[in-house]
Structure formats: structure tokens, C-alpha cells
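Work through the exercises below with the sequence and the model side by side. Each task is followed by a solution that goes step by step.

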Amino acid sequence: MKQLIETIVKPLVDYPDDVNVLSEEQSQRVVYQLSVNAEDMGKVIGKQGRVAKAIRTIVYSAAGSHHGKKVYLDILD
Amino acid sequence: MKQLTQRAATVELAIESALQDLGVTKEQVEIQVVENGRKGFLGFGVKQAEVLVTVLEKSKPDPKPAIARVTESTQTFTDDGEILSPVTKAPQVVQQPHIKAKPSENVVDIKESERVPEAKIYNEKDAIEETKQYIEDMAKEMGIEDLVITYETKGKYINFQLESEKAAFLIGKRGQTLNAIQQLAQLVANKVTKQFKIVRIDVADYRERREQSLEQLADRMADRAVRTKRQVALEPMPSYERKVIHNALSLRLDIETFSEGKDPYRHIVIKGIE
């Protein structure tokens with residue numbers, strides 16, 4: 001899962017080395033926290049959150065086949 | 001006989017530029033319209049006009065017939081301007097110096113426009129390979145192992161065709177996942193190229209089937225708008241799906257369509273005309 005998020009985000013940003021994904025498991029859900037270089041924030045969010053929405057769509061659809069828990073994706077600034 | 005095929009936005013423009021390339025007047029040629037141009041709808045289905053211009057043999061000033069015939073038989077399309085100028089030099093240079101200048105300009109134009117695509121194709125290849133790799137990586141991480149990607153380019157469009165056993169999974173609900181992948185792939189493609197590219201991804205002819213069901217939906221909703229005499233608002237859709245609906249209903253005279261709201265919530269509204 002982490003790997004998927006990194007695969008999606010890294011080619012989009014200018015500083016791929018600064019892409020970091022942390023996962024936090026809670027009782028009902030798994031939260032993935034994505035952090036990128038401050039300059040790349042706009043790139044992963046996009047106009048009107050378009051890119052963020054696309055990333056989430058893919059992550060959520062992949063999550064169904066991975067585990068039973070609900071998956072969330074946070075983008076940290 | 002000298003012939004030249006010329007394409008342009010309209011028939012008039014095509015003829016004009018063909019005459020300029022050949023350095024002759026309208027009276028000296030026979031013009032045959034191969035294709036009437038079409039303006040298209042919202043940039044869709046645009047077709048360039050094409051004319052075939054044939055220079056009539058007898059009206060051509062021909063001081064040295066032997067040489068002229070040789071050059072004529074060996075010339076190719078792009079060489080027209082270059083070969084033409086020495087032949088027409090003697091009779092025309094004094095009367096109309098500007099006509100002679102124009103064909104040579106055109107020769108430069110042609111050569112430049114030939115060189116640019118070469119560089120573009122090279123760049124494009126990089127971009128396409130990179131984008132293809134990106135889609136492959138993404139699919140692999142999503143648990144799809146048997147993905148086969150083929151692609152074709154058409155102007156600014158790059159079309160990817162994906163094949164997999166788990167096509168439904170790649171498409172998602174109403175193409176959500178597919179649209180998300182397409183959007184991200186477009187970002188990656190445009191990161192590599194300088195020229196703006198539009199990436200289109202299709203899985204197992206999904207787009208075609210979707211287009212058909214959208215057209216059916218459009219017709220049904222239009223009927224409802226007429227019957228109930230109220231506006232019918234459709235759910236939000238991406239721009240190209242809206243275009244399909246606008247296009248499908250453009251021929252109906254009893255309703256009109258327009259879009260409301262801002263992306264990503266922009267949606268079509270169908271309104272009956274009293």
C-alpha cells in the first residue's frame with residue numbers, strides 16, 4: 001500500500017526523495033500520511049484538489065483488495 | 001504535368017497557398033477540390049480542405065523546353081519551389097519580383113516545419129514511454145499483473161489501450177478509477193514534454209461502451225425534460241463525457257443543453273424549448 005502511494009506520487013513531484021508515507025493503524029481504519037516537499041504541495045493537491053482526489057480514488061479502490069479495514073489518505077503540510 | 005496537393009483550413013486558403021507554392025496564377029492551373037473542409041463541433045471532427053492543383057502545360061512560359069521537361073519529371077513535392085524558380089526566372093523576375101520571393105520563402109517554411117516534428121517525435125517517445133511505465137507501475141501496485149498496454153498518438157492526443165483480466169477493477173464505479181489514472185498519467189506525460197498532451201486511457205473498449213450508454217441516457221433525459229416541462233440536471237461528469245452528451249443532443253430541436261457549476265461538480269442541464 002505504501003509502495004502504491006509512493007509509485008503514484010513520486011513521478012508527479014519535483015523532489016521525489018522528499019516523498020514520505022507513514023501508516024497508522026487504528027481499530028477501524030488505517031490512515032496513511034503522505035508528506036512531500038513544501039514546494040510540491042500544490043502538485044499533489046492540484047487545482048480544486050483534483051490531483052488529491054484522483055490519488056485517493058486509486059488508493060481507495062486498491063485498498064478494497066488489500067485488507068478489510070477502511071483506508072484514509074492524509075496529505076500533511 | 002505539374003501537380004500539387006495542398007491542405008488548409010478552407011478550400012480558398014488551400015488554393016491560395018498552392019498557387020503561391022507553384023508561383024503561378026489562377027488562370028494557369030486547373031483546380032480540383034479533393035475534400036471540402038469541415039469546421040466540426042467544439043473542435044471535434046474538424047477536417048481540413050484539400051485541393052489538387054494541376055499546372056496546365058501550354059500556358060506555362062517555357063523558353064527551354066528540354067531542360068524544363070527533365071526537371072519536371074524528377075521533381076518531388078517539397079522540391080517544387082526550388083526547381084520552379086530557375087525555370088520561371090527568365091520571364092517573371094522583371095515583372096513580378098515579389099512572386100519569385102514568395103516561393104523561396106515557402107521552401108524555408110516547409111523545411112522548418114519538417115524539422116520540428118522530428119524533434120517532437122523524439123520528445124514524444126520519451127514522454128509516452130515514461131507515461132506507459134507509470135501506468136504499468138501503478139497497476140502492478142494495485143495488484144494487476146497481466147496488464148498489456150498498447151498506444152497510438154494522434155496530434156496532441158496519446159491514446160493508451162489497456163488489456164487485463166481485471167478490467168472492471170481498473171475502471172471502477174462509472175469509470176472513476178480509470179479517470180483518476182488517466183488524469184495522473186496526463187500529469188506525468190506533460191511533465192516530460194513541452195508541448196501540451198492529452199492522455200486518453202481505455203480499458204477493454206470501456207470508453208466506447210460508455211459513450212453509447214451516455215447517448216442513451218442523454219436521449220432519455222431529453223425526453224423527460226420535454227415531457228415534464230422542467231429542467232433536468234444530470235450528475236457531475238468530466239468534460240469529455242459532457243461533450244458526448246452535448247454532441248448527442250445537438251441535433252434535437254426541442255431541447256437545449258448547457259453546463260452548470262464548476263469542475264469537478266460541473267454538470268449538464270437539459271431544458272425543453274417551448
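**Exercise 1.** What does the accessible surface of chain B come to, and which percentage of it belongs to carbon and sulfur atoms?

*Solution.* This is a predicted model, in which local features need pLDDT of at least 70 and side-chain atom pairs count only at pLDDT 80 or more, while totals for chains, interfaces and linings use all residues. Residues are numbered from 1 along each chain as its sequence is written, chains are lettered from A and ligands numbered from 1 in the order in which they are written, and side-chain values use heavy atoms, with hydrogens and water left out. By the Shrake-Rupley method with a 1.4 Å probe, where for residues only the protein chains shown count as cover, the accessible surface of chain B is about 16600 Å², and carbon and sulfur atoms account for 52% of it. Of the 274 residues in chain B, 36% are buried (under 20% relative accessible area, with exposed meaning over 50% and partly exposed in between, for a 1.4 Å probe and protein chains only).

**Exercise 2.** Where in chain B does Asp205(B) lie, and is Lys229(B) exposed or buried?

*Solution.* Start with the elements: chain B has eight helices and nine strands, which are DSSP runs (helices H or I of at least four residues, strands E of at least two) numbered from the N terminus. Asp205(B) lies in the loop between β6 (198-203) and α7 (206-228) of chain B, and its phi is near 60°, a positive value in a residue other than glycine. Because its relative accessibility is 48%, Asp205(B) counts as partly exposed. Lys229(B), in the loop between α7 and β7 (232-233) of chain B, also has a positive phi, near 55°. With a relative accessibility of 72%, Lys229(B) counts as exposed.

**Exercise 3.** How many residues does the contact take from chain A and from chain B, and which residues form a salt bridge?

*Solution.* Counting heavy atoms within 4.5 Å as contact, we find 21 residues from chain A and 17 residues from chain B. In chain A, Leu12(A), Arg50(A) and Ile58(A) lose the most area to chain B, together 27% of what that side buries (buried area being the accessible area, with a 1.4 Å probe, that two parts lose on being put together, summed over both). Finally, Asp14(A) forms a salt bridge with Lys191(B), with the closest N and O atoms 3.3 Å apart (the term requires a side-chain nitrogen of Lys or Arg within 4 Å of a carboxyl oxygen of Asp or Glu).
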